[in-house]
Amino acid sequence: MTSAAPSFELLPGAADSPVILHVPHSAREIPPAVRAGIVLDDAGLERELDHITDAHTAEIAAEASQLSAVVPWRFVNRLSRLVVDPERFPDEREEMLAVGMGAVYTRTTHRAPLRPADTDPEPLIARYFRPYARAMTAAVAERLAAAGRAVIIDVHSYPTRALPYELHGEGPRPPVCLGTDSFHTPPELLATAREAFAECGEIGLDSPFGGAYVPLEFYGTERRVSALMVEIRRDTYMTEPGGPADPGLTRLATALANLVDALTG
């Protein structure tokens with residue numbers, strides 16, 4: 001693990017595309033200074049990364065971009081969510097604080113110590129979380145200016161079996177779960193996604209994970225920003241946990257490209 005990779009990357013799409021494929025949890029990279037604050041040994045950290053990383057989701061988004069008639073923009077986190085989780089609230093609003101998984105995790109997927117319980121999250125939030133949030137806010141603002149609207153498609157994955165950290169892991173775990181927001185996910189976006197992923201198996205709604213990511217500057221106020229979370233069950237495209245991808249990846253990338261095309265056509 002090195003600090004060579006940038007914290008995040010905005011990969012340009014077509015000038016008039018409103019779509020941003022957001023990939024926040026695909027990386028395993030942890031800078032050495034951050035690694036020093038994690039209490040797991042190297043083998044334990046690798047196991048945790050196998051469980052917590054949305055493996056190959058950056059590849060799904062990249063292949064979908066290549067297949068799309070109008071290339072979407074991609075915003076990709078290049079560091080592990082064990083550095084910071086850019087999709088958490090950075091304060092007491094975050095429900096995952098109950099299991100030690102706010103913006104800066106102190107517990108693992110199996111609720112074991114990851115960092116000391118008294119870890120001050122502020123240095124990591126200042127160094128990684130806030131710059132990420134500012135850059136994503138700017139990316140959405142640029143799509144609004146260029147296309148008159150912005151559509152954020154969050155690309156995630158989840159394990160076939162619930163892990164102990166999940167607060168809502170008792171619900172259905174379909175091949176594809178669509179996470180929605182009551183303000184930012186209009187019915188037509190949800191219907192379009194259902195049609196695009198129809199060939200990928202059963203499609204569920206907000207279980208085991210719900211919601212959709214929107215930068216706070218636009219959240220709950222800007223209806224021109226729509227958002228949908230696409231959660232893919234990992235056994236449909238890879239060997240769990242943390243193993244290689246299989247041909248299912250291309251099937252899912254094709255479905256995601258179909259969604260992008262429907263949103264830009």
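A residue counts as buried when its relative accessible area is under 20%. The model used in these exercises is predicted.

**Exercise 1.** Decide whether Arg 81 is buried or exposed.

*Solution.*
Step 1. Locate the residue: Arg 81 lies in the loop that runs between strand E3 (73-77) and helix H4 (122-147).
Step 2. Take its relative accessible area, which is 6%.
Step 3. Compare this with the cut-off, under 20% for buried. Arg 81 is therefore buried, at 6%.

**Exercise 2.** Find which residues Arg 81 touches, and which backbone oxygen its side chain reaches.

*Solution.*
Step 1. Leave out residues up to four places away in sequence; the contacts of Arg 81 are then His 25, Ile 52, Asp 54, Arg 88 and Tyr 105.
Step 2. Look at Ile 52 from that list: its backbone oxygen is reached by the side chain of Arg 81 at 2.8 Å.

**Exercise 3.** Work out which way each residue of E3 points, and how many are buried.

*Solution.*
Step 1. Sort the side chains by direction: Trp 73, Phe 75 and Asn 77 point one way, while Arg 74 and Val 76 point the other way.
Step 2. Count the buried residues: five of five in E3, so the strand is mostly covered under the 20% cut-off.

**Exercise 4.** Determine how strands E1 and E2 run relative to E3.

*Solution.*
Step 1. Strand E1 (residues 8-11) is joined to E3 by four bridges, and the two run antiparallel. Within this pairing, Phe 8 has Asn 77 as its bridge partner.
Step 2. Strand E2 (residues 19-23) is also joined to E3 by four bridges, but here the two run parallel. Opposite Ile 20 stands Trp 73 of E3.

Terms used
Residues are numbered from 1 along each chain as its sequence is written. This is a predicted model: local features need pLDDT of at least 70, side-chain atom pairs count only at pLDDT 80 or more; totals for chains, interfaces and linings use all residues. Side-chain values use heavy atoms; hydrogens and water are left out. Buried means under 20% relative accessible area, exposed over 50%, partly exposed in between (1.4 Å probe, protein chains only). A polar contact is a pair of N or O atoms within 3.5 Å; within protein, one must be able to donate a hydrogen and the other to accept it, and residues adjacent in sequence count only if both atoms are side-chain atoms. Contact means heavy atoms within 4.5 Å. Two strands pair if DSSP finds at least two bridges between them.
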